[in-house]
Amino acid sequence: MGADADFLVIGGGAAGAVLASRLSEDPDRRVILVEAGADTPPGAVPADISDIFPRSYSNPAYGWSGLSATGVRGGPPRAFSQGRIMGGGTSVMGMWAMRGLAADYDGWLERGASGWGWSDVEPYFHRLQGFAKDPLPGTFLVRRIPREDWPGYIRRLERAAARAGLEYGADINATESDGFFQIPLSQDAGVRASAAHSFLTPQVRQRANLRILTDTEVTELAWRDGTVCGARARRGSESLQIEAQRTIVCAGAIHSPALLMRSGIGPAADLAALGLTTRIDLPGVGRNLQNHVCANLGLTLAPSERQAPLLRNYGVACARLSSGVGGGRGDLLLAFIGRTGMRAIGRKIAIAGIFLYAPTSRGRVSLRREGTTFYTHVAFNMVDTPEDEGRLAHGLKAVLGLLSDPALSDAYEEVFLLPAVPPLQRLNRPGTLASVQASLGSLLLTNRYSRRRMLSSALGSGRLFPANALSEAFAEFRSLLKQSAAPMFHVAGTCAIGPASDPMAVVSPGCAVHGTAGLFVADASIMPVVPSANTFLPAAMIGLRAADLLCTTG
């Protein structure tokens, strides 16, 4: 029986949308793109997804229901957001367009990912990035907020950073040095330039050889004679089987390994314990889980320091910092955010974030079974090594040092360490209740007494410090740092590239799953080590490079 497609792409996120667009350029290739969530077609993109402020992140309609993760070892599981919508995470997150360091990708090469060193991947980053003055089809338009439009507190931070040795640089992607930078953002004329917006354009969608199935969840891979021949899926009450010559899993570093394991590919002992037949014993499936870690300081801004009402951006400026802990270079990003929500309270509270971009801790994605249903279990094991604790503490000390600079003496009233699940998330949700709560919170912030009572109640005792008392803050914040740290949305590593001789490798440098034919993985899960950058652009690079690799092999 003939296949429905030459290529079946499972997942319409950063990698999958790019991959499907690129593969379908040849009209002789039949391509099917399957996305578990709803579509975001041109002309009908929901307003909160189009918005350059990531309001969509707080909309539960765009995420996987019931997904939770354990942050620190032994900690409680908490809801963990992963995009279930066309465009994946690029339709709900902040769209910070960073590449990472050349050493990140040369590190992949050293771990057996031949063809994935910096000299191999750099051309793909150049192909992905477009420019507003000369836009090209099939690129992410990258913009930056001009310095003259920065909120007052961030302009002051720039001066403080310069005194601390972090000099201003216009393009964080053009240097490997530490410094203070404008955040590059994927935006197109005031709207979010998601993977769906940029690569599944009206022209691409009109291709007769590209079929897009949305609201269609792939449940397992289909097999014939020991070879993957497509996938089984459900769409509402309908069951589907999609036949394909080649199946490419692009479901992300949580859902890709989960799909492989449900299909009999993974650690044999674990699969047997779940009552699953092992088709390919690959111990590395679900292992090597990595994620960046954040710890956020909140600031109550003076009115003169707030972001302009018309500037909707979430990210404005950042600093790259080398901790030196364990040889750490470029391992920290300090992110300075002037707007934490679109309601009035969002301009009154700013964030100085400490992002650990070179974690040494490793976690795991596994399955658990209840009856006939399989659930995905995620354990990040964040800040599980002395190096990670030391690096976060170094970032905390650096941020408090900047905030203590005389340039910021009257820029804010208080600084506080946000908990792992910050109250600001609740205030950004759609709906009347969140709107009323945000309005009340904004009103309480106008009075010093009510502001401090509200913040102390929301944050817990011992976390709130006036601007003139930061010398006392480090020890207090340091003691709470690990429990306040939160996983970011930069999940990677669970189907890592490596040679077949490496027992923990899952895919070859050509993205083919070891031990079978017709099956590939191409998304952030194949990264041997998470790069020191937000993973949206690196994941898109993987999609683009994987398309070329698949095209050259027929």
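**Salt bridges and a helix, explained**

Guide: Arg22, Glu25, Arg127 and Asp548 are linked in a network of salt bridges. This is a predicted model, where local features need pLDDT of at least 70 and side-chain atom pairs count only at pLDDT 80 or more, while totals for chains, interfaces and linings use all residues. Residues are numbered from 1 along each chain as its sequence is written, and side-chain values use heavy atoms, with hydrogens and water left out.

Visitor: Why is Glu243 called buried?

Guide: Buried means under 20% relative accessible area, exposed over 50%, and partly exposed in between (1.4 Å probe, protein chains only). Glu243 has 7%, so buried is the word.

Visitor: And what is Arg224 called, then?

Guide: Partly exposed, because its relative accessible area is 39%. Glu243 also forms a salt bridge with Arg224, with the closest N and O atoms 3.1 Å apart. Glu243 lies in strand 14 (residues 238-249) and Arg224 in strand 12, so the pair ties together parts that are 19 residues apart in sequence. Strands (E, at least two residues) and helices (H or I, at least four) are DSSP runs, numbered from the N terminus.

Visitor: Which residues of helix 13 are buried?

Guide: Ala434, Ala438, Gly441 and Ser442.

Terms used
A salt bridge is a side-chain nitrogen of Lys or Arg within 4 Å of a carboxyl oxygen of Asp or Glu.
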